[in-house]
Every structure is written in C-alpha cells, then in structure tokens.
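Subject: Handover of a structure and notes on its interior

Dear colleague,

Please find the structure below, together with its sequence. My notes on it follow.

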Amino acid sequence: MTNIIETDILVIGEGSAGQVAALAASEAGADVVLLFNGQASSTAISTGFLTYAAHDGFPKEEVFDAMSDVTGKGLCDTALLRRLVDEAPAEMGAIIEKYSIPVDRAPRGYRVRRSTGMRGKDILDETYGSDGAEDMTGLMMEFSSTHGTALFSQLRKAVKSSSVRRIKGSALSLHREGPSVWADLDGSPVKIAARAVILATGGMQGVYEFTDTPQNLLGDGQSMALEAGAELVDMEFIQFYPLAVNEEGAPAIFLYPDYPSTAKLVNSDGEDLILKHMGPGQSALAALHNWDFLSFIIQSEIIEGREVFIDFRETQDAEWAPDSLTATFLSKHVPDYRERPVRISPSSHYTLGGVRVDTDGQTSIPGVYAVGEVAGGLHGANRHGGTALVEAMTYGAISGRHAAANLQPRSNMARSTDNPPPTRRAGNGALPADLLAQVRQLTQKGLGPARSDELLTETLAQIRTLQVEIAGLGWADLDGFTEVQRLARVARLAEAMCLAMRRRQESRGTHMRSDFPEETGEWQRKQAVRLNGAGLEIHDIALGDQPVAATL
C-alpha cells in the first residue's frame with residue numbers, strides 16, 4: 001500500500017454528520033475521502049427524532065428561546081444556535097428529499113421511519129459485516145428500534161453511490177500542515193494529505209464506564225484537535241440518561257418512558273427514592289421530565305454505597321402498552337423483570353462540550369472543521385431532545401460546502417512522511433486495557449451527574465496518578481501505539497473535564513454540584529481548555545465570542 005493519499009477534503013467519521021459533510025463537499029466539486037473505522041455510530045442506534053429546528057412547523061423565536069434559555073440555561077453559543085434555527089428547516093428538507101430518507105410526522109417534528117419487524121442490523125445491506133458496520137455494539141443493535149439504523153443506511157447508500165472515496169482505517173494524528181493526518185490502514189501508517197479536514201468522530205461518552213451509546217466513542221477527534229492547537233469548550237457538560245439498565249449480560253439500553261406510572265424507583269435499602277428526594281405526589285415516570293435532577297439523586301445514592309433499581313412488581317398487565325419498547329427489551333434480556341427489581345444507573349448519553357468552532361464549523365486551525373457531537377458550544381448546559389441529528393446533518397452540510405469553497409493551498413509539508421507514528425517503544429508491562437478500565441471507573445464515580453469539590457479533587461489526583469503510569473507504557477507495533485495513545489488521550493480528556501467541573505462552582509443544566517446547588521449569574525460564562533506545552537490550561541470565554549478561523 002502507498003504511504004501517502006492525496007485529496008481535497010478528508011472527512012473522519014461515518015455518522016450522520018460525516019456522511020452529510022462528505023456528500024455536500026463532493027456535490028460542491030471537491031475530491032473527498034471518507035475515513036471510517038468500521039465501529040459503532042451513534043446515528044445507527046439513535047431513536048431517529050428530528051425535532052423542532054428540523055422544519056418550519058414551529059416559530060423560530062420559540063425554538064431559539066426554548067433551546068437557549070430553557071435547556072441551554074443561557075450558555076448556548078447564540079451565533080451557532082441562531083444559524084441552526086434559521087437554516088435547519090431548509091437544510092433538513094433538502095437532505096431528506098435528496099437522499100430519500102423516510103420520515104413520519106411526530107408530535108414535535110419528524111422521525112425517521114422504522115422498518116417494522118426488523119432488527120437494526122438487518123436493514124443495513126448485503127455487505128453488512130464486511131463494509132464498515134460490523135460493530136454496531138452487538139446486543140444494542142439486536143434491540144435497536146431501527147429508526148436510526150434506517151437513517152444511517154440511507155446516508156451510506158448515498159455516499160456509496162457518489163464519488164466519495166470510502167477508506168477503512170483509523171486516524172492517528174492531525175497536523176496543521178495541509179492540513180494532514182496520519183492514519184492506520186490495515187496495520188500500516190499512511191499519510192493523508194488534504195486541503196481541508198472535517199472531524200466528525202462523535203462524542204466522548206465512552207470515557208465513562210457506563211454508557212448507552214457505543215463505548216468506542218473515546219473523544220479521538222477532540223484529542224486530535226486539541227493536540228493540533230484547537231480549543232475545547234463546555235467540557236463540564238455531559239448529558240446523562242438516569243434510567244439505563246445495569247444488569248449482567250444485558251446491554252446498557254436506556255428505558256423508554258413507556259412503562260406504567262405505578263413503577264417505583266428504590267434503593268438497596270428498600271427506600272422509595274422519589275418519595276425520599278422529591279416528596280409525595282411524584283412517580284418514577286413523571287420524574288423523567290427532569291433528567292438532570294433524577295440522574296443526580298440516583299448517582300448520589302450510588303456514591304453513598306447503595307444500588308438503585310426500578311421496580312415493576314406492582315404494575316398490572318393492563319397498564320403496559322402492547323408495543324412498549326421497555327417491555328420488549330426487558331422481556332428478552334431481563335425476562336423476570338416483573339418478578340424482581342431491575343438494577344439501573346445513569347448512563348452517559350450525549351457530549352455537550354467539544355471542539356470550539358464558528359458558524360461555518362471551522363476551528364481556529366486553518367482548514368480544519370468539526371461537526372456533530374465532536375463540536376461543542378451550541379447547546380450550552382443541556383440539549384433539547386431530538387436536536388442531535390438535526391445539528392449533525394445541518395452543520396455537516398454547511399461545513400462540507402464551506403470547506404469545498406475555501407480549500408487551503410496544496411502543501412509539500414503535508415505530503416511529508418518523515419515523521420511517521422512510532423511503532424515500537426520500550427516500557428512497563430502494564431496492560432492498557434486494564435488502565436482504561438480504571439480511568440472509566442474513576443470518571444463514572446467522580447465525573448458523573450453528582451459532583452462536589454471533595455470528589456472532584458480526589459478524582460483529579462487519581463487521574464494524574466494513572467497518567468504517570470500511562471506515560472511509562474511501551475508498545476511493539478502500530479496497533480500497540482494506537483492503543484496506548486488512545487488511553488493517554490482518554491486520561492487527558494478526563495482531566496480536562498474534571499478541571500472544568502471543579503472550576504464551575506454552581507449547578508447549571510447537566511452540571512450538578514452538591515456543594516454549590518444553585519445557578520448563579522456570576523457563572524453565566526463559558527470555559528475553554530487548550531494545551532499549553534504539555535499541560536492543560538483552562539480559561540473563560542465571553543458569551544458570543546467565536547474562534548478566529550484562518551481560511552485562505
């Protein structure tokens with residue numbers, strides 16, 4: 001295999017953001033390479049909702065206010081949000097029509113039409129298993145409602161019928177020259193020299209031990225951008241879903257709010273948690289209207305050493321809807337769910353923070369863009385349900401076209417293969433997989449939905465102790481380098497998150513602190529993280545400020 005590939009635009013990631021960006025850039029006349037790693041995409045296991053901002057059915061100012069003030073808690077990047085609200089209806093209409101995406105009207109907008117009676121992975125195509133989608137997180141795809149899978153499959157069909165070159169491999173590092181990327185293709189280092197790079201690698205929920213999204217989402221794009229000189233913003237904000245099944249042998253699927261209101265939320269001491277923390281007159285189903293607080297009280301119980309369960313034993317057959325997704329899932333994976341309480345935990349669900357971008361999706365690095373969940377700032381302190389796919393595809397289209405119209409000059413330095421990734425280094429005998437598990441355990445407890453200065457300070461010290469051990473690891477081949485590098489990056493992202501969480505001394509949106517339980521006007525500002533030498537530096541940025549993107 002040649003050790004260099006040249007293209008106009010390199011798109012990294014095959015979710016909805018990456019595929020739409022690649023299609024938009026290609027349709028604008030650019031030569032496009034789409035680099036995909038063949039692992040799980042959040043798009044493919046999503047519920048397929050395209051709400052509010054996806055169409056003109058709702059007044060734009062109401063949508064803007066709902067996202068900015070009600071859910072974003074005053075911390076949205078208003079320029080990013082304004083462009084989304086103003087342009088998403090036309091962008092989404094064009095995407096739906098152009099790529100023949102089947103949708104139905106839903107109470108709050110659209111929803112991608114599911115393939116009734118089929119499993120998620122059955123509606124991919126005849127090349128499933130050999131064409132980059134072999135790891136759709138196993139059991140999760142067995143249960144998938146197929147709404148998101150239908151979207152993923154339809155976009156992939158459009159990409160495969162276009163002039164976009166799909167290449168399976170993993171991006172290893174991002175470089176400002178070009179820009180360009182070192183990638184691992186079939187175990188060999190290959191340089192991809194481009195004139196623009198669009199990061200669409202997804203979120204970083206896999207930094208946590210327990211997630212209802214693909215666990216391979218480890219913040220690769222965020223780390224590459226940070227190392228190349230971009231900033232990360234809103235790193236303290238991670239959305240958790242409070243009621244995810246945490247039973248041995250069952251996938252971490254979150255329970256849909258379609259179960260009877262007579263279900264109870266209890267701890268291992270037998271206490272009714274809704275009564276304990278919220279008082280009489282509430283139910284475990286009604287409490288789901290406030291994910292953040294429900295996640296907070298469940299996590300607080302877990303931190304104090306108690307397990308948490310949802311108890312369906314008092315529910316009646318007539319109370320269950322015949323098409324209940326919760327019942328369908330539990331019947332398969334926890335068949336005695338009506339006979340005993342089912343253990344649950346808050347699961348990392350969506351990454352609100354990420355690479356700091358402007359309204360074209362540009363970072364501060366010339367020719368480098370970030371779209372979808374890898375980008376941060378738009379949603380502020382929390383995200384309105386059903387907007388993730390809308391944001392991903394709208395900004396995917398915007399960034400793809402902008403990159404094609406503003407290509408950087410071709411660079412001889414981008415073609416240089418003088419400094420490939422090191423394939424061998426001596427080191428200690430620790431196993432990277434064991435250390436990754438330790439980092440995830442630390443983040444699950446210390447950086448979860450219930451936080452305090454004591455817990456965050458302790459977690460930060462433990463992360464930094466692990467970082468010393470990680471720095472001494474060695475490897476014997478490119479795969480080993482990739483594994484150690486990813487581990488070191490995960491630990492650094494955990495450190496960045498911890499710093500931002502500890503510094504924000506208030507509770508706002510998904511950031512809930514027991515020692516600072518109130519939202520304060522003093523903290524109506526955003527935080528950004530950057531690399532300064534070998535260490536992390538955190539600073540405030542004023543609301544409305546955007547990175548200066550240098551595009552020729």
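Which residues have the most contacts inside the largest nonpolar core? In this predicted model, that core has 116 residues, and the positions with the most contacts inside it are Ile9, Leu10, Leu50, Leu199, Met235, Met393 and Met497. Helix α14 (residues 478-503) supplies the largest share of this core, with 14 residues. Met497 is in contact with Met204, Val207, Tyr208, Met235, Ile238 and Leu447, once neighbours within four places in sequence are set aside. There is also a second, separate core of 37 residues, and Ile253, Tyr259, Leu325 and Leu330 are among its members. As background, nonpolar side chains in soluble globular proteins tend to be buried together.

I then turned to the aromatic residues. A search of the whole structure returns 10 aromatic pairs.

Two arginines sit over aromatic rings. The charged end of Arg82 is placed over the ring of Phe64, at 4.1 Å from its centre. Arg383 lies over the face of Tyr350, and the distance to the ring centre is 4.4 Å.

Helix α8 (residues 291-303) may also be of interest to you. Helix α8 has 13 residues and spans 18 Å from its first C-alpha to its last, close to the 18 Å expected at 1.5 Å a residue. Its buried residues are Asp292, Leu294, Ser295, Phe296, Ile297, Ile298, Gln299, Ser300 and Glu301. Among the elements that cover them are the strands β13 (238-245), β14 (264-267), β15 (308-311) and β16 (342-351), as well as the helices α7 (273-278) and α12 (432-446). Just after α8, Gly305 adopts a positive phi of about 100 degrees.

Two individual positions complete these notes. Is Ser26 buried or exposed? Ser26, which lies in helix α1 (residues 16-27), has a relative accessible area of 13% and is therefore buried, this value being under 20%. Its side chain makes a polar contact of 2.9 Å with the side chain of Ser163. Not counting residues up to four places away in sequence, Ser26 touches Val32, Ser163 and Val164.

Val468, by contrast, is exposed, because its relative accessible area of 62% is over 50%. This residue lies in helix α13 (residues 453-471). Val468 and Ala488 are 20 residues apart along the chain, and their C-alpha atoms are separated by 9.8 Å.

With kind regards

Terms used
Residues numbered from 1 in each chain as written. Predicted model: local features only at pLDDT ≥ 70, side-chain atom pairs only at ≥ 80, totals over all residues. Heavy atoms only, no water. Phe/Tyr/Trp six-rings, centres within 6.5 Å; stacked < 30°, edge-to-face > 60°. Lys NZ or Arg CZ within 6 Å of the ring centre and 35° of its normal. Helix = DSSP H or I, 4+ residues; strand = E, 2+ residues; numbered from the N terminus. Expected span 1.5 Å × (residues − 1). Buried < 20%, exposed > 50% of the residue type's maximum accessible area, 1.4 Å probe, protein only. Contact = heavy atoms within 4.5 Å. Polar contact = N/O pair within 3.5 Å; in protein donor to acceptor, adjacent residues only side chain to side chain. Core = buried A, V, L, I, M, F, W, Y, C linked by side-chain atoms within 4.5 Å.
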